[in-house]
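Try each task before reading its solution.

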Amino acid sequence: MARALRDAGMEVVYTGIRQTPDQIVEAAIQEDVDVIGLSILSGAHMHLIPRIMELLREKRADVLVICGGITPKEDVSHLKEIGVREVFGPGARTDDIIKFIKNNVRAKGSS
Amino acid sequence: MVMVLNMDVKGLVEQLLKGDRKSAARLITLVENQPEKAHEVASLLLPHLGRAHVVGVTGIPGSGKSTLIDKLIKELRGRGKTVGVISIDVTSPFTGGALLGDRIRMQERSIDEGVFIRSMATRGSLGGVASATKDAVKILDAFGKDIILVETVGAGQIEVDIMKIADTVILVTQPGLGDDIQAIKAGIMEIGDIFVVNKADLSGVERAMGQLEAMLNLGRWAGEWKPAVIRTISQTGEGVPELLDIIFKHMDFLKNSGLLQERRRRRGEAELMDVIRERLTQSIVGGFRGKPEFETLVDKVARGKTDPYSAADLMLKSYLEKKKS
């Protein structure tokens with residue numbers, strides 16, 4: 001996925017797997033990113049993502065958050081309720097993800 | 001709280017000086033994305049610069065630079081120093097995108113208040129290290145970081161360009177690259193203040209150390225700093241305290257010998273020339289493209305009717321004449 005985004009002309013900061021919410025939010029702040037892309041691989045993420053959203057709000061970091069992975073329907077609506085903008089299932093096309101990002105990120109400097 | 005949207009450069013700098021991380025990050029984005037704002041940033045930062053010691057870490061890909069930096073951060077924090085890190089990766093010339101992966105090795109450190117890590121892509125920078133990188137170093141300097149580590153990829157020009165930023169340059173290599181020294185090209189040898197043979201648990205470490213030392217002995221170092229050669233194992237952190245000792249020794253040497261002033265003056269000159277060149281290119285050469293006179297010359301050069309030197313002289317001469325009248 002990171003490679004596909006790079007090939008779409010984006011700068012992708014890859015942090016590796018098994019990151020704590022604190023690490024993810026700190027990296028997003030220091031790198032001043034437009035988007036946080038989270039990969040959901042286990043049920044534990046349903047605890048981690050709300051924490052990430054909370055930290056982002058606490059630190060007033062205005063970042064678009066999207067997730068990908070296998071997510072039960074009720075979880076999807078829960079994630080969207082807490083501010084995750086889009087959840088992509090395993091069948092999602094990379095092109096659609098790229099398009100979503102490009103359409104939803106506001107231009108830097110217009111802030 | 002501290003940061004609001006629509007904040008101007010002045011407000012961002014004020015927040016930066018108060019220690020706000022988000023403003024530091026936003027300012028770096030600003031100089032990256034809007035070079036025209038770099039001027040304002042640079043002049044506002046001016047009274048707050050020159051405190052940090054800037055250490056460039058460069059070397060061949062895969063030699064473990066990021067892991068070594070991770071261990072250096074740990075050691076520096078242990079000695080009470082705050083640390084800024086700028087990791088530079090190459091932008092793809094085809095797509096303009098970049099994969100910035102150095103952070104993976106340092107992620108644990110990023111939640112430490114005394115550490116600030118930023119990845120940057122080279123983007124279109126022709127001179128290797130982008131001018132945005134120089135500005136980012138200044139931002140972290142004004143932010144109050146004691147030591148700023150700048151990691152660059154081993155890709156020729158960028159390695160040499162690290163001299164334009166760093167007070168101390170560390171070159172990282174590893175044993176067993178066949179013709180060890182060939183991996184570090186002759187010209188690049190000259191920029192190193194400290195040479196690190198990393199992954200010293202691999203076989204061939206003695207050979208690599210010996211070759212480096214032999215090569216360095218060819219230089220004349222009378223009264224000057226003779227580059228140190230040191231072995232480390234970045235995975236375990238072995239040799240890292242010793243490496244840091246040498247970095248500090250080099251810092252002292254620079255200060256006491258007056259070389260720091262000399263180097264910073266040389267850097268000031270390079271920086272000034274860079275900006276002049278950039279401005280000249282923009283204001284003069286930028287307007288050439290599309291002009292019939294220029295396009296005709298391009299055709300002539302392409303068809304072999306004239307050589308590029310004569311064409312350039314013609315173009316500049318006519319520009320200067322028009323300017324006068």
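**Exercise 1.** Which residue of β7(B) does B:Val172 stand opposite?

*Solution.* B:Val172 stands opposite B:Val196. The model is predicted: local features need pLDDT of at least 70, side-chain atom pairs count only at pLDDT 80 or more, and totals for chains, interfaces and linings use all residues. Residues are numbered from 1 along each chain as its sequence is written, while chains are lettered from A and ligands numbered from 1 in the order in which they are written.

**Exercise 2.** Find the strands that pair with β6(B).

*Solution.* Start with β1 (residues 53-59) of chain B, which pairs with β6(B) in the parallel sense over five bridges. Here B:Val57 has B:Ile170 as its bridge partner. Next take β7 (residues 194-197) of chain B: this pairing with β6(B) is also parallel, over four bridges. Pairing requires at least two DSSP bridges between two strands. Strands are DSSP runs (E, at least two residues), numbered from the N terminus; helices are such runs too (H or I, at least four).

**Exercise 3.** Is β6(B) buried or exposed?

*Solution.* Buried means 20 or more other C-beta atoms within 10 Å of the residue's own, exposed 12 or fewer, partly exposed in between; C-beta atoms are placed from the backbone. Six of the six residues (168-173) are buried, so β6(B) is largely enclosed by the rest of the structure. B:Thr168, B:Ile170 and B:Val172 point one way, B:Val169, B:Leu171 and B:Thr173 the other.
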